[in-house]
Amino acid sequence: MRSPQVRPAEGLPSRVTIYEVGVRDGLQNEKTIVPLDVKAEFVRHLEDAGVGVIETTSFVSPKWVPQLADAADLLAELGESGRVRTRPVLVPNPKGLDRAIEAGVSSIAVFGSATETFAARNLNNTLDGQFDMFGPVVERAKAEGMWVRCYVSMCFGDPWEGDVAPEQVVSVARRLMDLGCDELSIGDTIGVGTPGQVEAVLDGLLGAGIDLDRIAVHFHDTYGQALSNTLASLRKGVSIVDSSAGGLGGCPYAKSATGNLATEDLVWMLHGLGIETGIDLEKLVETSMWMAERLGRPSSSAVVRALGARG
Ligand code: HMG
Ligand code: MG
């Protein structure tokens, strides 16, 4: 299989941690519920391709996201490999944390909103109320020795409220990190952001005292900006990037969101820049082609389509 010609560029990290969200962000959005054995197989293929961090599922309300109602069963099926620190799960509230603890997970992610409307639509809460919901979750998770990530969604634009000011994102991010989270992921939920905005938000976060090694970026590719925004982030010193195998994804509570930055497209760029990821691109492409067959439609990743077509 073809691989990119390697030519490093100045001012970039030597290694990037890819935080794979295809199994969670991808499959939460499928119209038909993906069978449990396919989800488990997907995780195992990703592991075999060298993907280090895999967000496996969500302990959210099964009424809100029926696609991931089998969270506990999936973790039981994965056994020990699903319970390690590098297999986080989404948890919104104490009930979700109870379920996650019972399933034996050792890392979780809470997910906040930079806007009032998305807090209502995604969490049935208010912007201020979300901190009251997450506070006890983070506190107890840390007391249990868990690693905790927090997301902020709608950082670069909101389908209902329009523009989102970087100051608003920074304020929500700071409040979430003050709850005791270990890592922050900045989400372009509907994929509208451009590199200047990314720089402004990252400058704001650094100015608010959040260290670069704790910041991840999470770009959906709705407007085709995800890779440019990632490069802008890397140039700022970010080295944790969220992406989804085959470009799966979206958010059921933001209809204008399409898939995440495809992991294969990201890996092609990173390997071309001589940046280590630990991922075997050929195996990853095979995984996404296998998954595309299960889902009955071609992958949206340009790299999967290009390499898949070459055979
Ligand atoms: P609510 O309906 O207000 O919850 O939902 P409630 O506390 O009023 O409880 C109502 C019922 O749900 C009760 O059951 C609870 O026990 C049950 P009943 O008494 O009626 O039988 N319940 C639960 N059951 C299982 N697990 C739970 C749970 N919680 C309550 N955890 C809630 C509030 C936050 C739960 C709901 O709004 C929810 O689950 N939201 C999650 C939506 C979601 O998963 N969205 C997608 C993930 S976010 C995303 O994709 C963005 C991201 O990728 C970053 C980016 O792109 O920007 C992360
Ligand atoms: Mg997302």
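Buried means under 20% relative accessible area, exposed over 50% and partly exposed in between (1.4 Å probe, protein chains only). The model is predicted: local features need pLDDT of at least 70, side-chain atom pairs count only at pLDDT 80 or more, and totals for chains, interfaces and linings use all residues. Residues are numbered from 1 along each chain as its sequence is written, chains are lettered from A and ligands numbered from 1 in the order in which they are written, and side-chain values use heavy atoms, with hydrogens and water left out.

**View 1. Protein donors of the magnesium ion (ligand 2).** Asp25 (OD), His218 (NE2) and His220 (NE2) lie 2.1 to 2.3 Å from the ion. Donors are N, O and S atoms within 2.8 Å of the metal (3.2 Å for Na, K and Ca); water is not among the atoms, so sites may look incomplete. Along the chain, the donors have the spacing D-x192-H-x1-H. Histidine 220 counts as buried because its relative accessible area is 3%. Histidine 218 is likewise buried, at 5%.

**View 2. Phenylalanine 111 and phenylalanine 134, a tilted aromatic pair.** Three aromatic pairs are found in a search of the whole structure. In this one the ring centres are 6.5 Å apart, with 50 degrees between the planes. Rings of Phe, Tyr and Trp (its six-membered ring) pair if their centres lie within 6.5 Å; planes under 30 degrees apart count as stacked, over 60 as edge-to-face and the rest as tilted. Phenylalanine 111 belongs to strand E5 (residues 107-113) and phenylalanine 134 to helix H6 (residues 127-143), so that the pair links distant parts of the chain, 23 residues apart. Helices (H or I, at least four residues) and strands (E, at least two) are DSSP runs, numbered from the N terminus. Phenylalanine 134 is buried, at 0% relative accessible area, and phenylalanine 111 is buried at 10%.

**View 3. Phenylalanine 118 and tryptophan 160, a stacked aromatic pair.** The centres are 6.3 Å apart and the planes 20 degrees. Phenylalanine 118 is in helix H5 (residues 116-123) and tryptophan 160 in the loop between strand E6 (147-153) and helix H7 (166-178), so the pair ties together parts 42 residues apart in sequence. Phenylalanine 118 is buried, with 1% relative accessible area, whereas tryptophan 160 is partly exposed at 34%.

**View 4. Arginine 149 over the ring of tyrosine 19.** Arginine 149 is 3.4 Å from the ring centre of tyrosine 19. The charged end of arginine 149 also sits over the ring of tyrosine 151, at 5.0 Å from its centre. A charge sits over a ring if NZ of Lys or CZ of Arg is within 6 Å of the ring centre and within 35 degrees of the ring normal.

**View 5. Asparagine 124 and methionine 154, each with a positive phi.** Most residues other than glycine have a negative phi. Asparagine 124, in the loop between H5 and H6, has a phi of about 55 degrees. Methionine 154, in the loop between E6 and H7, has a phi of about 60 degrees. Asparagine 124 is exposed, at 60% relative accessibility, whereas methionine 154 is buried, at 0%.
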